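Dear colleague,

I am passing on the structure we discussed, and I would be glad if you could look through it with the notes below at hand.

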Amino acid sequence: MPPRDRVMNRVALRYQSRIKRGAALANGKVVDAKDATALLEAVIEPGDRVCIEGNNQKHADFLSAALAAASPGKLNELHIVQSNIALPTHLDIFESGIARKLDFCYSGPQGLRLFNLIGEGKVEVGAIHTYLELYSRYFVDLSPHVSLIAAEMADREGNIYTGPNTEDTPAIAEATAFKSGVLIAQVNRVVDRLPRVDVPADWVSFVVPAPKPHYIEPIFTRDPAAITEVQILMAMMVIRGIYEKYSIATLNHGIGFDTAAIELILPTFAEELGLRGKICRYMSVNPCPTLIPAIESGFVEGIHCAGSELGMERYVAERSDVFFIGRDGSMRSNRVFCQLAGHYSDLFIGSTLQIDLEGNSSTATLDRITGFGGAPNFGSDSRGRRHNSKGWLMAGEEGRRDERAIPRGRKLVVQMVETFREGLTPTFVERLDAWSLMSTFKSPIPPVMIYGDDVTHIVTEEGIANLLLCRTLEEREQAIRSVAGYTAVGLGRDRRLVEQFRRRGVLVYPEDLGIDKRMATRDLLAARSIKDLVRWSGGLYDPPARFRNW
């Protein structure tokens, strides 16, 4: 017989105690902004797992600052579980001793400071996760005891409206509310009636109207004026040598000027090739302003978004054939579903900071730890996929080594990089910095972003390396060296193999694709400035002030 004295609802009992302490500061569920720190000190306990909503764009910045203002004597040894470490207050709590352990996905602008705090022993890293990996662990072994989220509005009962930037909120809210956790929402305002309910009141513990709207970073905005002719050449190669060849219909674009160049030559270069209706039809990506000309030209037919983008709200709302729009007329984003959509698409194309001789890549380097975000999920072969497409089947056949093996498809994973980064730092290296960081983190594995055996193509200004067609690891290394330019890695290529690789399609140069390098000019861009994007949108796109140059 099982022991009768075992208590199996301790978390729920602790929740009731937390709510009782917090209720002393609340009017119903609403807590005044001046009492935010006191609320957190009341409901959070030392050693708790705490999630501060910090996404790619949307941040619970007021609640993050309120936590940083707490007394380390009352709150300490916290375990922070959040996707993006982007604000100074996210790390202030480690500096002051409020928090100790961190499980995260991406650190962006805080990468250097995080690196230093790890070195000083003030941050203990559990793991650098992918987005889906961390969200999944919210429902397994990293369920938050307290979560701090950000939203547009709440009503007086505690129902929440997130607006276009829903992002991580659904995963955080559900994992917290249904595991007896305290869910606190920072909102821009409290209203009598919401446009729609994104998080129901019975999931929400407290609502704090913040003094100013929560922070949103327009990280998907790329000014066409900054796109170079090298990037345009690479974009032409991608469209001709990969998108057209494999008939890529469903895909995800990473953030960057390289992929922005692809988007902006769809209505020109791809249109001349007769590819409208054949490539880039469905995308899982934020509403990037550089997609406006491709949408208006009829290339992109459908987009599911992980988040929104400042200034794109009116444009998106008027394009409900393309975007997922609620009955209230505003977009509903969801990072989990967008990640899944991208994982099971035909292709992912992104960039990185370092690539080694096997094609392994990482954005964790010796001078900064930026993390990975969604790239490892987008940029991996979706081995659970069973629906067919031309490109998926073609890639599977190219990578097949044994004719007796069962035929299967293969997702295309493309790394698009220039051979040198800023400051003439080589992108291609003999050994990733991740090996050194492995010992820094005291981790059993190096922090690799995308593993080489998932990468199918590498595109540089030199050409395209099709790694699917490499028969051995030695050939794979030489194919990578062949597009590595004048880096030390590139200078180690075996020039006798170049023509052999070109005959087999392992190595493809622009001229092999019928591309005239002289055509790779900014004249090929459908929009050459932010102002051009506004014109393409019919005046619906309202770019943030810092991108207005007219």
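The notes that follow cover a helix pair, a strand and one further helix.

Please bear in mind that this is a predicted model, in which local features need pLDDT of at least 70 and side-chain atom pairs count only at pLDDT 80 or more, while totals for chains, interfaces and linings use all residues. Residues are numbered from 1 along each chain as its sequence is written, and side-chain values use heavy atoms, with hydrogens and water left out.

Helices (H or I, at least four residues) and strands (E, at least two) are DSSP runs, numbered from the N terminus. The axes (lines fitted to C-alpha atoms, for helices over the stretch in contact, with angles from 0 to 180 degrees between N-to-C directions) of α1 (residues 10-23) and α2 (residues 36-43) come within 8 Å and cross at roughly 155°. The two helices α1 and α2 are therefore roughly antiparallel, a term used for angles over 145 degrees. Arg18, Arg21 and Gly22 of α1 meet Leu39, Ala42 and Val43 of α2 in this contact, where contact means heavy atoms within 4.5 Å.

In strand β5 (residues 78-81), Leu78 and Ile80 point one way and His79 and Val81 the other, and all are buried, that is, under 20% relative accessible area (1.4 Å probe, protein chains only). Strand β5 pairs (at least two DSSP bridges) in the parallel sense with β3 over 2 bridges, and 4 bridges join β5 to β6 (residues 99-104), again parallel. Ile80 is the bridge partner of Val50, whereas His79 has Lys101 of β6 as its partner.

Finally, the buried residues of helix α7 (residues 169-177) are Thr169, Ala171, Ile172, Ala173, Ala175 and Thr176.

Conventions. Buried means under 20% relative accessible area, exposed over 50%, partly exposed in between (1.4 Å probe, protein chains only). Angles under 35 degrees count as roughly parallel, over 145 as roughly antiparallel, 65 to 115 as roughly perpendicular and the rest as oblique.
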